[in-house]
Amino acid sequence: MQRIVCPERDDWRATAESSGFDFHTIDGERYWDERAYYAFTLEAIERQIEGPTGEIDAMCLELVGHAVDDETYLRRLKIPETFWPLISASWYNDEASLYGRLDLSFDGRNPAKLLEYNADTPTSIFEAAVFQWTWLEQAIQRNIIPGRADQFNSIHERLIEAWKKLGGTHHLHLAGMTENTEDAGTLAYLEDTATQAGLSTTLIDIEDIGLSEDGRFVDLDNRAIEFAFKLYPWEWMFHDVFGAQLAKAPTRWVEPPWKAILSNKGVLPLLWEMFPNHPNLLPAYFEDDPNAARLGKSFVRKPLYSREGANVALVSAGTTLSEQEGPYGAEGFIRQAFAPLPDFSGQYAVLGSWLVDHTPCGLSIREDENPITGNTSRFLPHAIL
């Protein structure tokens with residue numbers, strides 16, 4: 001694994017905007033950054049990223065199988081009891097998952113370590129699936145990178161195939177916070193892949209979903225929402241006004257309710273309990289567990305529910321080195337062993353390993369001068385050399 005400085009395309013901004021990548025710059029700062037790329041060998045991708053990603057996903061599914069009917073697990077995850085039957089039913093009805101992203105710490109030498117699983121509402125998929133592939137093709141054409149270069153990236157094709165399996169003949173609604181530029185771009189891209197799979201679609205703001213007299217969720221045209229993708233976290237849905245209707249309404253959701261287990265940071269100590277000393281896991285404990293003392297005075301403190309690094313703190317030798325502000329933490333915290341991200345000339349890189357239909361199929365890389373990856377961390381492309 002190397003970080004290689006390279007020239008950027010003169011027209012990359014125009015290329016981004018023409019492809020619908022409207023959030024390539026955030027608050028005047030680069031989000032997409034192609035002044036460097038990360039290079040891997042094929043062996044490193046297959047053996048150290050793709051293989052472990054599939055294994056971690058399998059362990060996560062085994063964990064869900066234990067947790068759905070065990071109130072001890074569900075209470076530790078602070079999942080409201082009202083929704084336990086909904087989660088269990090979605091698991092036993094084999095309600096399928098579309099996608100997810102494992103965030104990994106990897107330096108090219110030692111085993112990749114799971115930092116967290118973005119199992120419910122992962123973003124950055126358009127830039128991972130489409131725009132970095134465009135960069136690869138154009139960078140080869142313009143002699144920016146070697147002509148033999150490739151990329152670990154079949155995300156787009158696998159999304160289309162997954163929609164074919166998931167959707168059948170159903171009309172698909174895609175819901176989220178459409179005023180958020182990144183969320184709107186993600187929804188538009190996923191809608192495009194669903195359309196290519198042959199589904200008819202409707203894009204709707206999450207706040208525009210209504211409830212009919214017979215207890216069905218409906219869109220602005222009063223059309224029943226039977227099959228819906230939501231870029232909106234389950235823990236928010238549980239507490240929304242219509243949350244009490246989730247178990248009664250016949251809508252089939254993607255991601256399914258059982259993903260609420262895996263999108264919780266509490267999955268990290270639960271995985272460590274089930275698979276202690278696994279080479280791709282870090283020691284982790286709930287903060288109120290006496291065993292958390294095993295980590296000593298150096299650890300990463302994470303809320304059970306958190307987005308984009310909010311309320312995450314890096315503690316070394318009892319001193320907080322870095323901490324992101326945010327609104328999370330009321331449900332409690334976990335502590336995870338401190339595994340510093342690899343430092344490439346002052347840039348800390350985290351790998352996002354993508355799964356579509358439980359198949360590892362792509363890689364995204366975010367980097368920052370701050371060792372906690374946040375919503376302003378830059379996205380850099382990668383290549384296999």
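Strands S19 and S20 pair in the antiparallel sense, over nine bridges. S19 covers residues 347-356, and S20 covers residues 359-368. Strands here are DSSP runs of E, at least two residues, and helices are runs of H or I, at least four, both numbered from the N terminus. Two strands pair if DSSP finds at least two bridges between them.

A word on the source. This is a predicted model: local features need pLDDT of at least 70, side-chain atom pairs count only at pLDDT 80 or more, and totals for chains, interfaces and linings use all residues. Residues are numbered from 1 along each chain as its sequence is written, and side-chain values use heavy atoms, with hydrogens and water left out.

Back to the hairpin. Valine 356 has threonine 359 of S20 as its bridge partner. Two residues lie between the strands, and aspartate 357 takes a positive phi near 55°.

What else does S20 join? Strand S21, residues 378-380, by three bridges, running antiparallel. Isoleucine 365 has leucine 380 of S21 as its bridge partner. S20 is mostly covered: nine of its 10 residues are buried, meaning under 20% relative accessible area with a 1.4 Å probe, protein chains only.

Now helix H5, residues 125-141. Its 17 residues should span 24 Å at 1.5 Å a residue, and its end C-alpha atoms are 24 Å apart, which agrees. The expected span is 1.5 Å times one less than the number of residues. H5 has a kink of about 30°, centred on phenylalanine 131. That bend is the angle between axes fitted to the seven residues ending there and the seven starting there. Phe131 is among the buried residues of H5, as are Trp135 and Leu136. Just after H5, asparagine 143 takes a positive phi of about 60°.

Technical notes:
Buried < 20%, exposed > 50% of the residue type's maximum accessible area, 1.4 Å probe, protein only.
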